[in-house]
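Subject: Structure handover

Hello,

The structure we discussed is below. My notes on it follow; please read them alongside the coordinates.

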Amino acid sequence: MNFNSRFLNKKLCNYHFRNCIRWFVVQNRLYAKATSFPDFFQNPIFRKEDQAKLIENSELAKLAAVPVRPPASYETCSVYHDPLVNKVINHVMEMGKKQLARSLVEKAFENIKRIQIERYHLAQTQEEKNKIELNPKSILYNAVENCKPLLQLSPIKRGGITYQVPGPITEKRSLFLSIKWLLEATNDKERTVHFPEQFAWELLDAANNTGKVVKRKQDLHRQCEANRAYAHYRWQ
Amino acid sequence: MRFNTTLFSAANQANSRRPQKDPVPFQMLLPLELGKTVSGKGDKLKEAVCMQEMAVMFACFKKTEFNQQECLNEVASFQTCFNNYNDKMKLSREQGRKGILVPGEKTLTHRQLNKLLRRFPPKK
């Protein structure tokens, strides 16, 4: 995000050359390159929670006079819109077939719901029943959270030898790796097993802090631990 | 007959292949005074941050067979350390980019230094 942020003072002055107002707003581009809108157009704040936060921080007045890009079709203030689910759908999507990706993810959610309700009814005592999470979205959140790596290995060449140097990982990259690993584990399946079925199982496993993906994360941590002697090579 | 090649390629006093003779005479290629600006090459930070926190986290991981749930404190301290470092770097980068001079700052970026140098140019 940092790479895309830029200060608007100068640009906006050129744009509104009549009455030059100094704005102190940083543009965060979410898309790779400027589309039909210039860079200084702000991204729309379409979620009610975010808007409430802006009002609370009294930053709304700052944004009131700034030009804003219109929201995309998937950016809605609907209660069904969830940023993480949207992100996962985009990761599942191939060749721009969003409807298919969405139906696959929703089918996986349905499978999770079915499995959990079955477990719920099989449980004998009330205590056991209370422990079972029935909301597929919160299961997805838990699963992604449990699969996020804390460290990464970056190759650094020193004296002709490439060392794998452990270091901290940014929030954004760890989220990316988490979703990517979950999908890789899901796609590593028999041809006869369908995606939504396998994805549901992987999510349930990961939410339970077990399974292939959590093991993969722990393996990465193990490797980082084994290479910790090289950690001081970072940023040199 | 071709002397030219042999004559001119020999290491004699006139060409540069001759062995260097001490003392080497000093040639002034650039004026001997300080420049008006500094370059930004030395600004790169040469330290690995959060090493202490990482070591503590690894020790905890080893104890608990890499189960993250049992090392929540260590993990949180490592992540806050890295986040604090990122915030600090972001702030200093922004101030450095704009060349804002913070009074009492010991380590200056090259932009801040150049601003100071423009204001107080080196005396001849």
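This is a predicted model: local features need pLDDT of at least 70, side-chain atom pairs count only at pLDDT 80 or more; totals for chains, interfaces and linings use all residues.

I start with a pair of helices in chain A. Helix α8(A) passes α9(A) in a right-handed crossing. The residues that make this contact are A:L182, A:A185 and A:T186 on the α8(A) side, and A:F195, A:Q198, A:F199, A:E202 and A:A206 on the α9(A) side. Sorted by class, the residues of this contact are five nonpolar, two polar and one charged. As for geometry, α8 covers residues 171-187 of chain A and α9 covers residues 195-207; their axes come within 9 Å and cross at roughly 130°.

Next, chain B. Its secondary structure consists of four helices and zero strands, in the order α-α-α-α along the sequence. Chain B has 124 residues, of which 10% count as buried. Taking the contacts in chain B between residues at least 6 apart in sequence, 47% join residues at least 24 apart.

Last, the interface. Between the chains, 16 residues of chain B are in contact with 14 residues of chain A. On the chain B side, α2 (51-63) and α3 (72-98) each supply at least two of the residues that touch chain A. The largest share, five residues, comes from α2(B). By class, this side of chain B has eleven nonpolar, four charged and one polar residue.

Regards

Key
Residues are numbered from 1 along each chain as its sequence is written. Chains are lettered from A and ligands numbered from 1 in the order in which they are written. Two residues are in contact if their C-beta atoms, placed from the backbone, lie within 7 Å. Ala, Val, Leu, Ile, Met, Phe, Trp, Tyr, Cys and Pro count as nonpolar, Asp, Glu, Lys and Arg as charged, and the others, Gly among them, as polar. Axes are lines fitted to C-alpha atoms, for helices over the stretch in contact, and angles run from 0 to 180 degrees between N-to-C directions. A crossing is left-handed if the near helix is turned anticlockwise from the far one by less than a right angle, and right-handed if clockwise. A residue is buried if 20 or more other C-beta atoms lie within 10 Å of its own, exposed if 12 or fewer, and partly exposed in between; C-beta atoms are placed from the backbone.
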